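Visitor: I would like to go through this structure one point at a time. Please give the terms as they come up.

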Amino acid sequence: MKLKLKKKGKRDTLKDESDFSVSEEALAGFLNLKRAAVPEGYEEAESYPLNAPFSYASIVQNEDTGTFLYIVDELLLSKDERDLLLRMNNILEYELLAPEGDETLGESFHSQMPEILDSHRKMVRFVSPISLRKISYYLERDIVGYGKIDPLMFDPYVEDISCSGINKNIFLWHRRYENIRTNISFKEEQEIDDFVMKMVHKAGKHVSIAFPIVDVTLPGQHRLAVSYGKETTPSGTSFTIRKFREDPFTIIDLIENETIDENIAAYLWLLMENKMSVMIMGATGAGKTTALNAIACLVRPNFKIISVEEVAEINLPHENWTATIARSGFGVESEGEITLYDLIKSAVRHRPDLIIVGEVRGEEAYVLFQALATGHGGLCTIHSEDVETAIKRLTQPPMNIPSSIIPLMNCAIIVKHVRTPIFLSGEKRLSSRKFVRVTEIKNANSTKDVFTWSASTDTFQEELNNSYLVTKIARELDVTVDQVLDDLAKRKKMLLHMAEHNIRDYRDVNDALSKYYYSSEPPSKSDG
């Protein structure tokens with residue numbers, strides 16, 4: 001449904017909203033309604049609520065092929081309910097007013113619905129409260145939410161939602177089942193075009209045949225990438241939504257998920273505290289942004305942080321954190337464009353302790369390295385399979401980093417999505433994300449792996465003996481290497497304590513770090 005929201009004006013006094021509410025007893029009845037049957041030839045692997053009691057996820061497995069299918073199971077409407085839904089759609093198209101001030105579309109919808117229903121009391125007077133709640137669910141889903149894919153946005157296990165065109169089933173990246181096909185698809189070209197147009201407009205952007213490729217941040221900080229029409233995709237409009245986690249993964253989650261171990265976590269914590277720079281490398285979907293967020297949460301709570309991104313994906317608990325986002329230009333000449341290069345140049349003038357760059361791939365890398373040379377800490381990601389390839393990319397156009405300043409990026413982390421080879425019969429197939437290499441960079445031609453992941457044993461091997469960065473930190477703090485190693489052991493003990501007591505929320509992790517600094521200061525000459 002395409003709504004043209006009118007400017008909000010005065011209405012009559014609100015009527016009693018209780019006329020349109022549903023009691024707890026009636027709501028309980030929703031849960032007893034018949035669920036959709038498992039398709040023939042499949043058996044259910046698991047099911048769980050999405051937006052209960054209106055929508056559920058059912059994961060079913062094909063009995064012959066073993067493949068999984070993700071079924072969105074929503075409460076069905078009767079014919080009379082569908083007719084009323086259509087009439088209400090038409091009414092809201094003319095009567096729903098635009099939000100005022102800081103009011104969200106959802107808040108505006110909920111505040112106006114009782115008034116609109118009251119003004120059409122005759123139309124709904126014979127409708128049961130349960131039917132009215134079902135209809136309101138679908139209205140909110142289509143107007144405020146994401147239409148037919150809205151239930152997927154409630155699934156905490158879903159990372160990506162992708163559609164390849166009309167009459168093609170939507171696929172998900174699910175944390176338990178990886179790439180999995182759903183029972184949802186767009187049947188008409190106009191349907192998917194209208195959906196994408198609505199989503200892009202929600203982000204305050206524009207998409208058209210003239211400008212078919214768009215990358216925007218949706219409300220809720222979800223990332224939407226669109227290829228519109230058939231100009232670039234013969235199958236029609238396609239899109240991918242990368243869901244934003246309001247509760248981001250922390251270093252404790254990475255330990256619990258065995259992406260790293262406590263030794264790596266303690267080492268990275270030491271680097272962050274001493275303003276060492278870290279570059280996270282990996283392929284698309286390897287988990288670079290997740291790693292970036294988790295490591296950034298280790299930064300000392302009172303440090304000043306400035307993040308630079310093209311699309312907002314970083315989420316930190318630090319009070320002294322400024323998030324900056326690049327801006328596209330206007331018109332053919334791209335007037336008013338603000339690039340990552342511009343943002344990093346500006347960030348240096350604000351004297352941050354740490355500059356975080358979502359991803360480097362152009363001339364902004366040179367400015368970042370110049371910032372590192374003046375004593376700022378740095379944290380960024382780059383698309384690369386290994387350290388050697390990354391250094392080649394950094395020293396060649398368009399980044400053009402001189403080989404002599406490559407060591408300003410002190411540490412490189414290789415993140416990979418790994419799985420146990422299928423030919424290892426009898427073994428449980430492993431599919432997860434790992435820090436496969438943590439490497440210190442002494443110069444452009446000399447690197448040392450301090451941690452590596454062994455695929456055969458699924459363990460991390462430590463090589464901190466003669467660590468270049470541990471020695472450098474000891475020298476800068478005017479303490480012995482043994483003292484730094486003792487401090488690493490204390491940090492490791494604290495991280496394990498946090499993991500054992502499930503202190504994993506990013507705000508709780510930040511609070512725990514604050515207590516650490518004020519109660520057990522690590523060896524240093526000053527607070528840095």
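Guide: Helices (H or I, at least four residues) and strands (E, at least two) are DSSP runs, numbered from the N terminus. The model is predicted: local features need pLDDT of at least 70 and side-chain atom pairs count only at pLDDT 80 or more, while totals for chains, interfaces and linings use all residues. Residues are numbered from 1 along each chain as its sequence is written, and side-chain values use heavy atoms, with hydrogens and water left out.

Visitor: In which loop is the place of Arg 351?
Guide: Most residues other than glycine have a negative phi, and most peptide bonds are trans. Arg 351 has a positive phi, near 55°. Its place is in the loop between α10 (340-349) and β13 (354-357).

Visitor: Does Arg 351 count as buried or exposed?
Guide: Buried means under 20% relative accessible area, exposed over 50%, and partly exposed in between (1.4 Å probe, protein chains only). Arg 351 has 71% relative accessibility, so it counts as exposed.

Visitor: What is the relative accessible area of Asp 458?
Guide: Asp 458 is in the loop between β17 and β18 (459-462), and its phi is also positive, near 55°. Asp 458 is partly exposed because its relative accessible area is 28%.

Visitor: Where does the cis peptide bond to Pro 398 place that residue?
Guide: The bond from Pro 397 to Pro 398 is cis, with omega near 5°. Pro 398 lies in the loop between α12 (387-395) and β15 (411-419).

Visitor: Which loop holds Pro 53?
Guide: The peptide bond from Ala 52 to Pro 53 is cis, with omega near 5°. Pro 53 lies in the loop between β1 (42-51) and β2 (55-62).

Visitor: At what angle do α8 and α14 pack?
Guide: Two packed helices are described by the angle between their axes and the distance between the axes. Axes are lines fitted to C-alpha atoms, for helices over the stretch in contact, and angles run from 0 to 180 degrees between N-to-C directions. The axes of α8 (residues 262-273) and α14 (residues 481-500) are 8 Å apart, and the angle is about 120°.

Visitor: Which residues touch the most other members of the largest nonpolar core?
Guide: A nonpolar core is a set of buried Ala, Val, Leu, Ile, Met, Phe, Trp, Tyr and Cys residues joined through side-chain atoms within 4.5 Å. The largest one has 95 residues, and its largest share, 9 residues, comes from α8. The residues touching the most other members are Tyr 267, Leu 379, Ile 413 and Phe 435.

Visitor: Which residues is Leu 368 in contact with?
Guide: Leu 368 lies in helix α11 (residues 364-373), and it counts as buried because its relative accessibility is 2%. Contact means heavy atoms within 4.5 Å. Leaving aside neighbours within four places in sequence, the partners of Leu 368 are Ile 344, Ile 355, Val 357, Val 360, Cys 380 and Met 409.

Visitor: How many disulfides does a search of the whole structure find?
Guide: A disulfide is a pair of cysteine sulfur atoms within 2.5 Å. Cys 163 is buried, with a relative accessible area of 2%, and Cys 297 is buried, with a relative accessible area of 1%. The number of disulfides found in the whole structure is 0.
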